[in-house]
Amino acid sequence: MLTAEQVMASHKANVETLFGLTSKAFEGVEKLVELNVQASKAALAESANHTQSLMGVKDAQELLALQAGLFQPLAERTAAYSRHLYDIATATGAEVGKSFEGQTAEAQAKFMGLVDSATKNAPAGSETAVAVMKSAVAAANNAVESMQKAVKQATDMAEANFTAVTNTAVNASKTASKKR
């Protein structure tokens with residue numbers, strides 16, 4: 001049976017975990033805000049430069065050339081922004097995932113300790129029930145590990161797809177701007 005000290009220690013560990021996860025989430029939000037501020041400053045400066053360039057246009061041909069030259073850098077900046085945004089989300093998610101994995105491993109170890117303790121104190125003749133309990137715990141642990149592996153594979157696949165889409169978009173904008 002759990003003692004009051006064990007319950008308090010568990011609650012304290014849970015509160016510390018909550019504050020740690022909250023801190024990691026805020027770090028991710030801070031990075032996102034910083035990225036958006038930088039992107040906004042860059043967009044404002046580029047708009048001012050483009051407006052200045054438009055004021056100096058002398059004919060329609062020059063206007064078309066100026067507009068055509070705008071698409072490729074815009075696509076590249078958009079792709080870079082999206083990539084940076086994805087990196088922030090992935091890093092924050094990975095840190096939270098590591099914390100959950102650590103908590104899961106710790107909870108599994110504590111639960112196995114309780115099962116072992118219950119096994120030692122079990123009445124004679126309950127070996128079958130204990131074996132079934134241990135088997136169920138092992139199956140649950142395997143299910144958690146399989147889920148973690150599946151999430152990792154899905155994340156890796158999503159990252160590969162994101163990279164492919166980004167590269168395709170940038171290459172398409174380069175091709176389109178060369179045709180003009």
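Author: Start with a cut-off. A residue is buried under 20% relative accessible area, exposed over 50%, and partly exposed in between. R83 has a relative accessible area of 25%, so R83 is partly exposed. Keep that scale in mind.

One caution comes next. This is a predicted model. The protein chain averages a pLDDT of 79. Of the residues, 92% score at least 70. Helix 1 has the highest mean pLDDT, at 87. Helix 3, residues 127-179, has the lowest, at 73.

Now the cavity. How many cavities of 30 Å³ or more does a search of the whole structure find? The search finds one. The general idea is simple. A probe the size of a water molecule is rolled over the atoms, and this shows where empty space is left.

Which residues line the cavity? The lining is K24, E27, G28, K31, A91, T92 and E95. Two helices each supply at least two residues of this lining: helix 1 (4-55) and helix 2 (60-120). Helix 1 gives the most, with four residues.

T92 lies in helix 2. Is T92 buried or exposed? T92 has a relative accessible area of 19%, and the limit for buried is under 20%, so T92 counts as buried. What does T92 touch, leaving aside residues up to four places away in sequence? The answer is K24, A25 and G28. Of these, K24 and G28 also belong to the cavity lining.

Go on to another lining residue, E95. The side chains of E95 and K24 meet in a salt bridge, at 4.0 Å from N to O. The pair links distant parts of the chain, with E95 in helix 2 and K24 in helix 1, 71 residues apart. Both E95 and K24 are in the cavity lining. E95 is partly exposed, with a relative accessible area of 29%. K24 is partly exposed as well, at 28%. In general, side chains of opposite charge can pair when their charged atoms come close.

How many salt bridges does the structure hold? It holds three. The side chains of R77 and E46 meet at 2.7 Å, N to O. R77 lies in helix 2 and E46 in helix 1, so this pair ties together parts that are 31 residues apart in sequence. R77 is partly exposed at 32% relative accessibility. E46 is partly exposed at 29%.

Then comes the pair with R83. The side chains of R83 and D87 meet in a salt bridge of 3.7 Å, N to O. R83 and D87 are four residues apart in helix 2, so about one helical turn separates them. D87, at 36% relative accessibility, is partly exposed.

Other contacts join the picture. Y81 is in helix 2. Y81 touches L35, N36 and A39, not counting residues up to four places away in sequence. Y81 and L35 are 46 residues apart in sequence, but 8.0 Å apart in space, C-alpha to C-alpha. Y81 is partly exposed, with a relative accessible area of 28%.

H50 sits in helix 1. Why does H50 count as buried? Its relative accessible area is 17%, and buried means under 20%. H50 touches L66, Q67 and L70, again not counting residues up to four places away in sequence.

For contrast, go to helix 3. Q153 is found there. Q153 has 55% relative accessibility, and the limit for exposed is over 50%, so Q153 counts as exposed. The C-alpha atoms of Q153 and Q6 are separated by 37 Å. Along the chain, Q153 and Q6 are 147 residues apart.

Back to the cavity to finish. Helix 1 and helix 2 each supply at least two residues of its lining. T92 is a buried residue in helix 2. The salt bridge between E95 and K24 links helix 2 and helix 1.

Technical notes. Residues are numbered from 1 along each chain as its sequence is written. This is a predicted model: local features need pLDDT of at least 70, side-chain atom pairs count only at pLDDT 80 or more; totals for chains, interfaces and linings use all residues. Side-chain values use heavy atoms; hydrogens and water are left out. On a 1 Å grid over the protein atoms alone, a cavity is a set of points where a 1.4 Å probe fits but cannot get out, and a pocket is an open set with protein on both sides within 12 Å along at least five of seven lines; lining residues have an atom within 4 Å of a point. Grid points are joined across faces, edges and corners, and a volume is the space filled by probe spheres set on the points. pLDDT is the predictor's confidence in each residue, from 0 to 100. Buried means under 20% relative accessible area, exposed over 50%, partly exposed in between (1.4 Å probe, protein chains only). Contact means heavy atoms within 4.5 Å.
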